[in-house]
Amino acid sequence: MVTITDVARRAGVSASTVSHVLNSTRFVSQEARDRVLEAIDALDYVPNHQARSLVRSQTQQIGVAMSALTNLYFGEVVHAIEEATSKVGYTLVLADTHDDPATEAKVVAALRERRLDGLLLAPSAGAGTVLDRLARSGLPTVLVDRSPDPRFDSVCSENVKPMAQLVLHLAQRGHRRIAMVSGMPGLTTSDERVTGYRRGLAAAGLPEVPELIVRGDSDAERTHAVVGALMDLPEPPTAIVAAQNTMVIATMRTLRSRGLAVPADVAVVGFDDFEWADVFSPRLTTVAQDAGAIGAMAVKLLLRRIAGTASEPRAVRIPATVQHRDSCGCTHRRAG
């Protein structure tokens, strides 16, 4: 484990100088401060927050606001966040936003009243007012999964490239009418995955057909309706890309209710891997996001923001990988 002594040695200053930079307890020249911050970043040093809380009257609590109870992926991210925060003596205060701007505003206000040390937020599509208030409040905040505001640090998956890879893979298997069931409008994840879909079509030399791009809004009932409408087209798609886990499950159920076999009649692929994807029949081809890496990085950025060792906001992208299984027609391939 990296210690404050290691940071001091690399920066060429005393351990007390490092402490003063971390705790803002005494003036430190800009030149020395810059060397300390560089050493902290290079060594990946995490301050002892239990000791710092005594100096700065911190609560040792971090708020987490996201739709963790209704989204399998966010549940995995919260688990990773809890693991990372518990290692440094923090506890979590979790609030579910339901991806609803009004609910989000209420729960974020309630979390701020608790005088938390920082906040991890997966902002809704209508989070503009909430983000403005957070920016004015000065509460250390990191955006998770979605990155709509450059005023804040953010940690998100790569969305465009893996979605393009999914679409190109389907095209390489002979599909020419590939439909896209997109997520909630106004979210950066939804926009980026549609962009990836379009790039995949372009890479395959396929035209974009407006009637094949439909909104599932990350909702099972709406997805059921729009997938049904897709299959009622005079020339229905032979493959469907669902941009989120709730929608890929709803797509599978809708096709099954119509007596259609996956992938024999329609290939299905999705964005968001989850625990059951490999035990479905057929096993689902999906894009796997690294929830563990996202949660750990979000905590790392937030701790640095709380410590005062961060400078300009950072936008971090975590690679995502396509898991080839059976639902795309690759029955001969294993996951990975």
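Contact, as the word is used on this tour, means heavy atoms within 4.5 Å. The structure on screen is a predicted model, and each stop below names what to select and what can be found there.

**First stop: α6 and α7.** Select helix α6 (residues 101-113) together with α7 (128-137), and look along the pair: their axes lie 10 Å apart and the helices pack at an angle of about 15°. Angles under 35 degrees count as roughly parallel, and α6 and α7 are therefore roughly parallel to each other. Now show side chains, and you will find E104, A105, V108 and R112 of α6 meeting V130, R133, L134 and S137 of α7. Sorted by class, the residues of this contact are four nonpolar, one polar and three charged. The handedness of the crossing of α6 and α7 is right-handed.

**Second stop: G138.** Moving on from α7, select G138, which sits in the loop between α7 (128-137) and β4 (141-144). Is G138 buried or exposed? Its relative accessibility is 56%, and because exposed means over 50%, G138 counts as exposed.

The crossing in which α1 passes α3 is right-handed. On the α1 side, D6, V7, R10 and A11 take part, and they meet R35, V36, E38, A39, I40, A42 and L43 of α3. This contact of α1 with α3 comprises seven nonpolar and four charged residues, with no polar ones.

In soluble globular proteins, nonpolar side chains tend to be buried together. Here the largest nonpolar core has 43 residues, and I178 and V241 are the members that touch the most others. To see where this core draws its residues from, select α8 (160-172), β6 (178-182), α9 (188-204), α10 (220-231), β8 (239-242), α11 (245-257) and β9 (267-271), each of which supplies at least two. Then centre the view on I178: which residues is I178 in contact with, leaving aside its neighbours within four places in sequence? They are V167, L170, A171, Y197, L206, L212, A239 and V241. To finish, select V77, V88, V155 and V299, which are among the 28 residues of another core, lying apart from the largest one.

Note on methods: Residues are numbered from 1 along each chain as its sequence is written. This is a predicted model: local features need pLDDT of at least 70, side-chain atom pairs count only at pLDDT 80 or more; totals for chains, interfaces and linings use all residues. Side-chain values use heavy atoms; hydrogens and water are left out. A nonpolar core is a set of buried Ala, Val, Leu, Ile, Met, Phe, Trp, Tyr and Cys residues joined through side-chain atoms within 4.5 Å. Buried means under 20% relative accessible area, exposed over 50%, partly exposed in between (1.4 Å probe, protein chains only). Helices (H or I, at least four residues) and strands (E, at least two) are DSSP runs, numbered from the N terminus. A crossing is left-handed if the near helix is turned anticlockwise from the far one by less than a right angle, and right-handed if clockwise. Ala, Val, Leu, Ile, Met, Phe, Trp, Tyr, Cys and Pro count as nonpolar, Asp, Glu, Lys and Arg as charged, and the others, Gly among them, as polar. Axes are lines fitted to C-alpha atoms, for helices over the stretch in contact, and angles run from 0 to 180 degrees between N-to-C directions. Angles under 35 degrees count as roughly parallel, over 145 as roughly antiparallel, 65 to 115 as roughly perpendicular and the rest as oblique.
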